[in-house]
Amino acid sequence: MTKPLSVSEYLRQHIRTVPDWPAPGVQFRDITPLLQDPRVFRVLIDAFVHRYMAPELRPDVVAGLDARGFIVGAVVAYELNVGFVPIRKKGKLPFTTVEETYELEYGSATVELHTDAVRPGQRVLLIDDLIATGGTMMAGKRLLEKQGAVVTEGAAIVDLPELGGSDRLRAAGLSLFTLVDFEGE
């Protein structure tokens with residue numbers, strides 16, 4: 001009889017690695033196979049929902065980072081029966097926004113949030129698909145805090161610890177929860 005896989009091992013088996021994309025030497029971790037199979041997608045969503053149903057971790061709202069954080073974050077918010085807030089790339093939101101610019105490996109990027117997306121004191125779970133250098137999640141955290149929200153945790157499907165993002169986020173005081181890490185791979 002075989003030993004059952006942990007949730008992390010099960011999900012890892014369904015993440016596709018695409019070598020040399022988008023640039024030579026990059027091992028891109030493609031989460032789309034997690035979304036294509038309804039059983040795998042259910043395991044993925046349930047792993048987050050079960051964690052955040054706990055009263056001490058339950059958010060008032062879920063914020064998802066553009067764009068794959070929308071997929072997971074919206075479903076998790078729905079299952080938790082809380083609101084969902086999109087944090088978008090600059091120029092994509094139609095109402096009054098606040099913005100945060102952050103550094104990328106080569107250049108910078110800006111994300112925005114509607115000014116009425118969260119209220120002061122609201123507990124926010126911040127979700128993305130992957131943590132690499134941590135820049136996007138840190139920018140999302142700062143945006144939410146500018147509006148007075150409390151980011152209780154950052155969550156992602158995948159952590160790439162060798163790129164240092166999770167260490168940087170934790171050093172900045174953000175508690176993190178990830179399901180799969182690809183350390184040194």
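Good morning. Please keep in mind throughout that the model is predicted.

I begin with the sheet. Seven strands form it, in the order β5-β6-β4-β3-β7-β8-β9, and the sheet is open, with mixed pairing. For those new to the subject, strands of a sheet pair through backbone hydrogen bonds, either parallel or antiparallel. Which strands lie at the edges? They are β5 and β9, each of which pairs on one side only. From one strand to the next, the twist averages 20°.

Let us look at one pairing within this sheet. Strand β3, residues 61–65, runs parallel to β4, and five bridges join the two. As an example, Val61 has Gly83 of β4 as its bridge partner.

Next, the helices. Helix α4, residues 68–80, packs on the sheet and touches β3, β4, β7 and β8. The direction of α4 makes about 170° with that of β4. Helix α3, residues 38–52, lies across β7, β8 and β9, and runs at about 155° to β8.

The structure holds four aromatic pairs, and one of them is formed by Phe48 and Phe177. A pair of aromatic rings is described by the distance of the centres and the angle of the planes. Here the centres are 6.0 Å apart and the planes are at 80°, an edge-to-face arrangement. Because Phe48 lies in helix α3 and Phe177 in strand β9, the pair ties together parts that are 129 residues apart in sequence.

I turn to the largest pocket, which has a volume of about 1300 Å³. Its lining counts 37 residues, and the closest to the centre are Leu104, Leu130, Ala132, Thr133 and Leu163. Which element supplies the largest share of this lining? It is β7, with four residues. By type, the lining divides into 20 nonpolar, seven polar and ten charged residues.

Finally, the backbone. Most residues other than glycine have a negative phi, and most peptide bonds are trans. Where does this model depart from that pattern? In the loop between β1 and β2 we find Asp20, which has a positive phi of about 60° although it is not a glycine. Pro22 is found in the loop between β1 and β2 as well, and the peptide bond from Trp21 to Pro22 is cis, with omega near 5°. A cis peptide bond also joins Asp66 and Ala67, with omega about 0°; Ala67 is found in the loop between β3 and α4.

Thank you for your attention.

Definitions and conventions:
Residues numbered from 1 in each chain as written. Predicted model: local features only at pLDDT ≥ 70, side-chain atom pairs only at ≥ 80, totals over all residues. Heavy atoms only, no water. 1 Å grid on protein atoms, 1.4 Å probe; cavity = no way out; pocket = protein on both sides within 12 Å on 5 of 7 lines; lining within 4 Å. Points joined across faces, edges and corners; volume = space filled by probe spheres on them. Nonpolar A, V, L, I, M, F, W, Y, C, P; charged D, E, K, R; others polar. Pairing = 2+ DSSP bridges. Axes fitted to C-alpha atoms, helices over the stretch in contact; angles between N-to-C directions. Contact = heavy atoms within 4.5 Å. Phe/Tyr/Trp six-rings, centres within 6.5 Å; stacked < 30°, edge-to-face > 60°.
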